[in-house]
Amino acid sequence: MTVRAYRHIERRLSRKIRVGSVEVGGDAPISVQTMTNTQTPDIAGTLDQIRRAAEAGVDIVRVSCPDEDSTAALRQIVRESPVPIVADIHFHYRRAIEAAEAGAACLRINPGNIGAASRVREVVKAARDHGCSIRIGVNAGSLERDLLERFGEPCPEAMVESALNHIRILEDNDFFETKISVKASDVFLAVAAYQGLAEACDYPLHLGITEAGGLRAGTVKSAVGLGMLLWAGIGDTVRVSLSADPVEEVKVGYDILKSLGLRRRGVTIVSCPSCARQRFQVIDTVTRLEDRLSHITVPISLSVIGCVVNGPGEARETEIGVTGGGGHHLVYINGSPDHKVDDDRLVDHIVELVEARAAAIAAGDTTMTTLKRTVAAGS
């Protein structure tokens, strides 16, 4: 019998493609993307943003290439980037060819927008010659006029038909290294479009709720939309679109995947909202721990609960746990009560334990031996 079958997500079976060194689709981990918002010819600024996103865990970064200056800068950006780069091209087929020649791992372009069939063939040839995949990006806000006239408004059926039309153009050119998005700022519309597209083809799907809003509202909106799709097994790569620093998009993307157990990275903190039962300042403690443990990339679970009502139960499910208690806090290791720590050392002590645990896991030691030694050395 499957243990905790209610947590199982059966992912839609899609074909696998590559975006540079990153596999997308099939059994590959669901990748996290973002997009730079610098002027691409500002090579130093763009690379700085890419590196900060990479430190946050991004797998793939998209860079806009609206003009020749941008594609000229792209070569150095690609060469120095720690992650594969997707060149965002809207209409001009020459920019797509230049981006492929500059080393882009993927082109974001809709073949139906390029124009003559000869131009499509040139772009496909450049993509094939330089090992690029292509992302088709259908957006509810920019659907083709004939579809809008026929369907009356942006709707799931029109978005799916648009995507399939673009796919057909690439397939007619014997090109299949394709992933697709059908984004909308309306959650219902985006989810229905992705559900329809998931049934209509087996290409990997790039998920996103476009123009989702600012950090707080956009995070909630994205979590609702992407959460429904991911829970249903739909989605091979995600980008959370926020009016915020791209690093925040990466963090939110991971948190959505972590919430569904689809990907783990860094410390997952289970903490209570605090209440009159709390025996220490939970909110301040969690804020300080999140800041000081942001450099940890190894998956580790940590519970921080303000009282003994729910603390033992939550600690039982995490690798390291702490519950509050009048100046002295009980620390749990691997679900069992282990030792106490004074209030003034709480944050430092938890950071030491998590860092020791992370170092041990990184070295291949999955036992709690190193953690026990750290506790013993500090007592």
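**Notes on the model: salt bridges, cores and a few surface spots**

1. Let's start with Asp 129, which is partly exposed at 49% relative accessibility. On that scale, buried is under 20% relative accessible area, exposed is over 50%, and partly exposed is in between, using a 1.4 Å probe and protein chains only. Bear in mind that this is a predicted model, where local features need pLDDT of at least 70 and side-chain atom pairs count only at pLDDT 80 or more, while totals for chains, interfaces and linings use all residues. Residues are numbered from 1 along each chain as its sequence is written, and side-chain values use heavy atoms, with hydrogens and water left out.

2. Asp 129 has a partner: its side chain and that of Lys 125 meet in a salt bridge, 2.7 Å from N to O. A salt bridge here is a side-chain nitrogen of Lys or Arg within 4 Å of a carboxyl oxygen of Asp or Glu. The two residues sit 4 apart in helix H4, so about one helical turn separates them. Helices (H or I, at least four residues) and strands (E, at least two) are DSSP runs, numbered from the N terminus.

3. The salt-bridge count comes to 22. Asp 236 and Arg 12 make one of them, at 3.7 Å from N to O. This pair ties together distant parts of the chain, 224 residues apart: Asp 236 is in the loop between H8 and strand S10 (237-239), and Arg 12 is in the segment before strand S1 (17-19). Both Asp 236 and Arg 12 are buried.

4. Compare that with Arg 345 and Glu 352, whose side chains meet at 3.3 Å, N to O. Arg 345 is partly exposed at 35%, and Glu 352 is partly exposed at 36%. There is also a network of salt bridges linking Lys 16, Arg 18, Glu 23 and Asp 27.

5. On to the inside. The largest nonpolar core holds 77 residues, and Leu 74, Leu 107, Met 159, Ile 180 and Leu 207 have the most contacts inside it. Helix H7 (residues 187-200) gives the most to this core, with 8 residues. Another core, of 27 residues, lies apart from it and includes Val 282, Leu 353, Val 354 and Met 368. A core is a set of buried Ala, Val, Leu, Ile, Met, Phe, Trp, Tyr and Cys residues joined through side-chain atoms within 4.5 Å.

6. Helix H3 (residues 93-102) is mostly covered, with 8 of its 10 residues buried. Among the buried ones are Tyr 93, Arg 95 and Glu 98. The cover includes helix H2 (68-80), strand S5 (85-88), strand S6 (106-108) and helix H4 (117-129).

7. Cys 275 is in the loop between strand S11 (267-271) and helix H10 (282-292), and is partly exposed at 38%. Glu 314 lies in helix H11 (residues 311-316) and is partly exposed at 32%. Leaving out residues up to four places away in sequence, Glu 314 touches Val 270, Ser 303 and Ile 305, with contact meaning heavy atoms within 4.5 Å.
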